[in-house]
Amino acid sequence: GAATGLITTAGFRDVLIIGRQKRYETYDLYISKPKPLIPRRHIVEVSERMAPDGTVVAELDMASVDAAIDAMLASERQTVAVALLHAYANADHERRIRDRLADRAPHISVSLSSEVSPKFREYERTSTTLTNAYVRPAVERYLTGLEAGFAKGGFGREFLIMQSNGGLVSPAIAREFPVRIIESGPAAGILMCAKVGRSAGHDHVMTFDMGGTTAKLGAIDDGVPAIMPSLEVDLVRHKRGSGLPINVPSIEMLEIGAGGGSIAKVDRGMIVVGPESAGADPGPICYGGGGEEPTITDANVVLGYISPTWFNAGAMQLDAAAAERGMATKIAEPLGLDVVEAAWGVHLIATSNMENALRLVSVERGRDPRNYAMIAFGGAGPVHAARVARKVGIPKVIVPHGAGVGSAIGLLQAEPRLDK
């Protein structure tokens, strides 16, 4: 994300820090809350007040607005979120702040809560608006480059952008509200699963998408992906309420930090997997790109689940010996295990994390896994699918053709859609 600031009503500077009163673990005395996207020093207040019905209680003090803008300029903010109390009922003060920012700092991108998330509940609305502002510059650069690339290639028609709700919007809307596209890739994959499930005679499907950095689990009931009114990102635990709330409609899914590139380490005598990832660069040790930390992919190479000579249909050769050395040095030796036992431990820990997440999507939401089939896709999904399904009692696993590019295939099923 970009260097982001937040402007809010006087007295509400700590909304993001306080969060919700309800705890996701009632009896945990050492509970950890999700960390806000920006530190408190980049949150500034302005003097104003709206009533819940939109009545002006205190007029907007423009001197305080100028002071807030001065603070944003001094800290070199690239993008600003404006979330004033009860702005969903009356957006006048937010719009006036945007106008002053446009006059004094036209280079700063501005996101208003009254446009991004015009709903009550201050914490959720502020979090959503801040997230929109946080990712907006990067999305704008990406879409500008994409449009230029299409134009250079001679493509003259309009292209559409995928959203978290499984529908398509114009690039203009995606630029203005990038928070709507945060889970667009996984959402497209679930559309693919819905089509594959129907073609295989299964209207009730659990979806399992495992890529390089995360695993995403979702559900399809009666042939239709479930749509939720909101989602959470950056979960502290696999618990509802432990992440940052995003007030935009999204296809139901749960995401955890368990992908092929997730790093395995020893912490207090135990194997821990993720959420840190080696990514594509340098990547897992076996890629030979300079990676030094063992990953789930390295464990699967050591165990023989991934062929070092036929990875990516033989286009890429993996260094199995390097993976074994890394697994031995970082996992096996500190725990007094042999290399295969260490790799098996990494594989099982990753599988257990995904099993717990799948139970949240299924059992804890009233779905009986025995009545569902699982469709596995993504670069690493099919490697772990059978064991995850067996753990929760899913009787059938389907690995479709083109599983590695399942989200791209699902994107072709999407249609234009705009949710308020």
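## A briefing on selected strands, helices and residues

Phe-377 lies in strand β19; helices (H or I, at least four residues) and strands (E, at least two) are DSSP runs, numbered from the N terminus. This is a predicted model, in which local features need pLDDT of at least 70, side-chain atom pairs count only at pLDDT 80 or more, and totals for chains, interfaces and linings use all residues. Residues are numbered from 1 along each chain as its sequence is written, and side-chain values use heavy atoms, with hydrogens and water left out.

**Phe-377 and its surroundings**

- Phe-377 counts as buried because its relative accessibility is 1%; buried means under 20% relative accessible area, exposed over 50%, and partly exposed in between (1.4 Å probe, protein chains only).
- Leaving aside neighbours within four places in sequence, the contacts of Phe-377 include Thr-207, Phe-208, Asp-209 and Met-210, as well as Pro-382; contact means heavy atoms within 4.5 Å.
- Along the chain, Phe-377 and Ile-256 are 121 residues apart, and their C-alpha atoms are separated by 16 Å.

- In β9 (205-210), 6 of 6 residues are buried.
- Val-205, Thr-207 and Asp-209 point one way from β9, while Met-206, Phe-208 and Met-210 point the other way.
- Strands of a sheet pair through backbone hydrogen bonds, either parallel or antiparallel.
- β9 and β19 run parallel and are joined by 5 bridges; two strands pair if DSSP finds at least two bridges between them.
- Within β19, Ala-376 is the bridge partner of Phe-208.
- With β10 (residues 215-221), β9 runs antiparallel, and 6 bridges join the two.
- Thr-207 has Gly-218 as its bridge partner in β10, and a hairpin of 4 residues links β9 to β10.

**Helix α11**

- Helix α11 (residues 381-392) has 12 residues and reaches 16 Å from its first C-alpha to its last, close to the 16 Å expected at 1.5 Å a residue; the expected span is 1.5 Å times one less than the number of residues.
- The buried residues in α11 are Gly-381, His-384, Ala-385, Val-388, Ala-389 and Val-392.
- Looking down the axis of α11, these buried residues fall within an arc of 140°, so they line one face of the helix; the arc is that of the directions from the helix axis to the C-beta atoms.
- The cover over the buried residues of α11 includes β9 and β19, along with α8 (296-303), α10 (339-361) and β20 (396-398).
- Just after α11, Gly-393 takes a positive phi of about 90°.

**A parallel sheet with a helix across it**

- An open sheet is formed by 4 strands in the order β2-β1-β5-β6, with parallel pairing.
- Its edge strands, β2 (43-46) and β6 (109-112), each pair on one side only.
- From one strand to the next, the twist averages 25°; axes are lines fitted to C-alpha atoms, for helices over the stretch in contact, and angles run from 0 to 180 degrees between N-to-C directions.
- β5 (residues 79-83) pairs with β6 over 4 bridges, and Ala-81 stands opposite Ser-111 in β6.
- Helix α2 (residues 62-74) lies across β1 (4-9), β2 and β5, running at about 165° to β2.

**Ser-262**

- Ser-262 sits in strand β17 (residues 262-267) and is buried, because its relative accessible area is 0%.
- The side chain of Ser-262 reaches the backbone nitrogen of Gly-259 at 2.7 Å.
- Not counting residues up to four places away in sequence, Ser-262 touches residues including Thr-213, Glu-276, Pro-294 and Ile-296.

Key
A polar contact is a pair of N or O atoms within 3.5 Å; within protein, one must be able to donate a hydrogen and the other to accept it, and residues adjacent in sequence count only if both atoms are side-chain atoms.
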